[in-house]
Amino acid sequence: MTYQHIKLPESGEKITIKNDKLVVPKQPILGFVEGDGIGPDITAASLRVWDAAIEKAYSGKRKVHWCELYMGEKAAGIYAGDYFPAETLDAMKALIVSIKGPLTTPIGGGFRSLNVSLRQKMDLYACVRPVRYYSGVPSPLKKPEEVDVIIFRENTEDVYAGIEYESGSDANKKLAKFLREEMGAEFFEDAGLGVKPISPFASKRLVRKAIQYAIDNNKTDVTLVHKGNIMKFTEGAFRNWGYEVAKEEFRDHIVTEQELWDEHNGTIPEGKILVKDRIADIIFQLLQLRPAEFEVLATMNLNGDYLSDAVAAEVGGVGIAPGANIADHIAVFEATHGTAPKYANQNKVNPSSLMFSGVMMLEYIGWNQAADLITEAFISVMADKTVTYDFARLLEGATTLSTSNFADALIGKING
Ligand code: NAP
């Protein structure tokens with residue numbers, strides 16, 4: 001495929017899919033989007049760290065050939081005002097795996113969120129956020145080391161589907177009349193109205209991905225998070241469909257909490273994954289008080305949005321939390337924070353969110369040795385208390401490093 005502005009690297013091969021699995025060449029081409037605001041600073045730093053770890057782990061036998069793709073303000077400059085060029089979308093699909101920095105979204109006007117568009121156009125239905133504690137990272141918890149959870153958040157429906165009717169609009173009046181007169185619904189005059197679609201298709205594919213992850217990564221529990229006691233036919237249905245997938249498609253691998261007590265005396269049978277469910281409000285409490293009880297969470301869009309940031313805050317916050325948006329195979333890894341415009345081009349912020357999203361990406365393509373080197377280097381740099389400003393203000397006796405010097409410190413550890 002030829003592109004107008006995207007330059008495919010001269011060497012390297014594309015990742016392909018065979019028998020429903022990724023086939024990763026030794027020298028794959030991976031896409032990256034620099035992002036807006038602090039994006040260029042954290043991307044430059046992270047690319048150097050990823051490349052150093054790959055070189056160290058595989059001594060030149062494996063190498064990523066990076067292909068720059070354009071979204072956001074940089075794209076608008078190159079593509080005459082187009083913030084999300086069609087060829088970027090095509091390239092992300094063709095390359096299968098890519099990573100992106102944060103992108104600006106104007107509040108209350110302007111264009112639609114590029115992140116939301118990206119997720120919808122590529123049907124990246126699972127937002128995956130691992131949250132774990134790294135020794136030395138400032139935390140408000142007494143036992144932060146007990147936090148090691150991965151959140152699978154449904155990305156395509158729920159109140160985020162954009163089916164909303166403004167108070168006073170014709171469409172709102174029409175829907176309100178129908179709901180009152182045909183459906184017997186009662187609500188205050190001039191209420192804004194929104195629709196919360198939760199389908200068996202979207203719920204099941206999300207829960208399927210979470211359980212498959214648990215199997216592939218030797219996890220022992222998957223928790224379905226919902227507010228089904230109140231929203232029975234949406235959140236409650238999500239729970240029910242989740243258990244259906246678990247029992248119908250993973251029967252040999254799982255035991256439900258009900259079965260655990262009815263048939264196994266409360267002890268998980270050897271090698272089985274416990275599938276349980278918790279109400280959304282209590283899970284916020286449990287993840288602070290007894291985080292060790294949760295390894296994999298599967299939930300809908302809104303719960304997942306709140307939960308991801310809340311859990312990340314327990315172990316270092318958004319400056320460090322990684323994430324990915326994943327379809328069946330295509331995956332776009334991303335920093336979970338925004339563009340922090342007040343710090344743009346200051347070489348100041350923490351690159352760890354993007355850098356750890358890259359660690360997730362390396363694991364996704366099976367390059368765990370390189371991924372582990374970065375994680376080990378990070379722990380070692382934390383032990384030295386050589387950190388960027390955000391951690392320095394929370395750690396007594398820390399030395400503040402710039403973004404690029406923080407990357408240098410990591411690379412020093414990787415090579416040391
Ligand atoms: P933000 O960019 O995440 O920044 C909020 C604050 O978080 C910063 O002021 C800073 O706190 C801290 N922070 C963020 N990234 C950091 C990093 N790498 N290292 C250290 N600290 C970091 O949120 P926002 O100001 O609400 O949003 C700005 C823009 O980003 C908006 O246009 C928004 O729509 C967009 N956004 C994009 C994405 C995305 O692309 N995925 C996600 C969220 C928001 P201190 O000031 O306390 O140091």
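**View A. Helix α7 and its buried residues.** In this predicted model, the buried residues of α7 are Glu-235, Gly-236, Ala-237, Phe-238, Trp-241, Gly-242, Tyr-243, Val-245 and Ala-246. They pack against quite a list of neighbours: α6, β10 (221–226), β11 (254–256), β12 (273–279), β13 (296–299) and α10 (301–314). The helix itself covers residues 235–249, and its 15 residues reach 21 Å from first C-alpha to last, close to the 21 Å expected.

**View B. Helix α6 from end to end.** Just after the helix, look for Asn-218, which takes a positive phi of about 55°.

**View C. One face of helix α9.** Within residues 280–289, the buried ones are Ala-280, Ile-283, Leu-286 and Leu-287. Seen down the axis of α9, they fall within an arc of 105°, so they line one face of the helix. Why might that spacing work? An α-helix has 3.6 residues a turn, so residues three or four places apart point the same way. The buried residues of α9 pack against β10, β12, β13 and α10.

**View D. Strand β10 and its partners.** Six of the six residues of β10 are buried, so the strand is largely enclosed by the rest of the structure. Asp-221, Thr-223 and Val-225 point one way, while Val-222, Leu-224 and His-226 point the other. β10 runs parallel to β12, joined by six bridges, with Thr-223 opposite Lys-276. β10 is also parallel to β13, through four bridges; there, Val-222 partners Val-296.

Methods: Residues are numbered from 1 along each chain as its sequence is written. This is a predicted model: local features need pLDDT of at least 70, side-chain atom pairs count only at pLDDT 80 or more; totals for chains, interfaces and linings use all residues. Side-chain values use heavy atoms; hydrogens and water are left out. Helices (H or I, at least four residues) and strands (E, at least two) are DSSP runs, numbered from the N terminus. The expected span of a helix is 1.5 Å times one less than its number of residues. Buried means under 20% relative accessible area, exposed over 50%, partly exposed in between (1.4 Å probe, protein chains only). Contact means heavy atoms within 4.5 Å. The arc is that of the directions from the helix axis to the C-beta atoms. Two strands pair if DSSP finds at least two bridges between them.
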